[in-house]
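Please keep the structure open while reading.

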Amino acid sequence: MRLAWFFLALAIATEVVGLTVMKAASESGSYLGHTVMYVSIALSYVFLAKAVKTISVGVAYAIWEGSGVAIITLVSVFVFGHVLTGREMLGLSMAIVGILLVNAGEYHDEDEAASEGAANERA
């Protein structure tokens, strides 16, 4: 299960790299930038596919996309100098809360195994 979460983190990181490079490549027109963008985004999908072998697709996709949006927004603020409006801050906050709620609702096999183990010890 931990490996699946590691792959999901890699999927998020490579998506962020790809989209950050996309912005820079679109301004410079660099072929190298476009190549890095395409490879990063493709790797992001590969890592996401590995993550959904264990994590449910809906949860993995929601966390991947929501975290990606949140991190890309922060990159745009700190790297590209974008100034967030109140609505954008509210939307980003709602996305973060949504990610946390989706993750909290994820069914974990380890949790059930621990519960069953404790119940068996009491019996």
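Leucine 48 touches Leu8, Ala11, Ala60, Tyr61 and Trp64, leaving aside residues up to four places away in sequence. The model is a predicted one.

**Nonpolar core**
- The largest nonpolar core has 16 residues.
- Leu8, Ile12, Leu48, Ile55, Ile63 and Trp64 touch the most other members.
- At least two residues of this core come from each of α1 (2-28), α2 (31-51) and α3.
- α1 gives the most, with 6 residues.

**α1 against α3**
- The axes of α1 and α3 come within 9 Å and cross at roughly 40°.
- Angles under 35 degrees count as roughly parallel and 65 to 115 as roughly perpendicular, so α1 and α3 are oblique to each other.
- The crossing of α1 past α3 is right-handed.
- On the α1 side, the contact residues are Trp5, Leu8, Ala11, Ile12, Glu15, Val16, Leu19 and Thr20.
- They meet α3 residues including Ala60, Ile63, Trp64, Glu65 and Ser67.
- This contact of α1 with α3 has 12 nonpolar, 3 polar and 2 charged residues.

**α3 against α4**
- Helix α3 (residues 57-78) and helix α4 (residues 86-105) have axes that come within 9 Å and cross at roughly 150°.
- The two helices, α3 and α4, are therefore roughly antiparallel to each other.
- α3 passes α4 in a left-handed crossing.
- From α4, Leu92, Ile96, Ile99, Val102 and Asn103 take part in the contact.
- Their α3 partners include Val59, Ala62, Ile63, Gly66 and Ser67.
- The residues of the α3 contact with α4 divide into 9 nonpolar, 4 polar and no charged.

Definitions and conventions: Residues are numbered from 1 along each chain as its sequence is written. This is a predicted model: local features need pLDDT of at least 70, side-chain atom pairs count only at pLDDT 80 or more; totals for chains, interfaces and linings use all residues. Side-chain values use heavy atoms; hydrogens and water are left out. Axes are lines fitted to C-alpha atoms, for helices over the stretch in contact, and angles run from 0 to 180 degrees between N-to-C directions. Helices (H or I, at least four residues) and strands (E, at least two) are DSSP runs, numbered from the N terminus. Angles under 35 degrees count as roughly parallel, over 145 as roughly antiparallel, 65 to 115 as roughly perpendicular and the rest as oblique. A crossing is left-handed if the near helix is turned anticlockwise from the far one by less than a right angle, and right-handed if clockwise. Contact means heavy atoms within 4.5 Å. Ala, Val, Leu, Ile, Met, Phe, Trp, Tyr, Cys and Pro count as nonpolar, Asp, Glu, Lys and Arg as charged, and the others, Gly among them, as polar. A nonpolar core is a set of buried Ala, Val, Leu, Ile, Met, Phe, Trp, Tyr and Cys residues joined through side-chain atoms within 4.5 Å. Buried means under 20% relative accessible area, exposed over 50%, partly exposed in between (1.4 Å probe, protein chains only).
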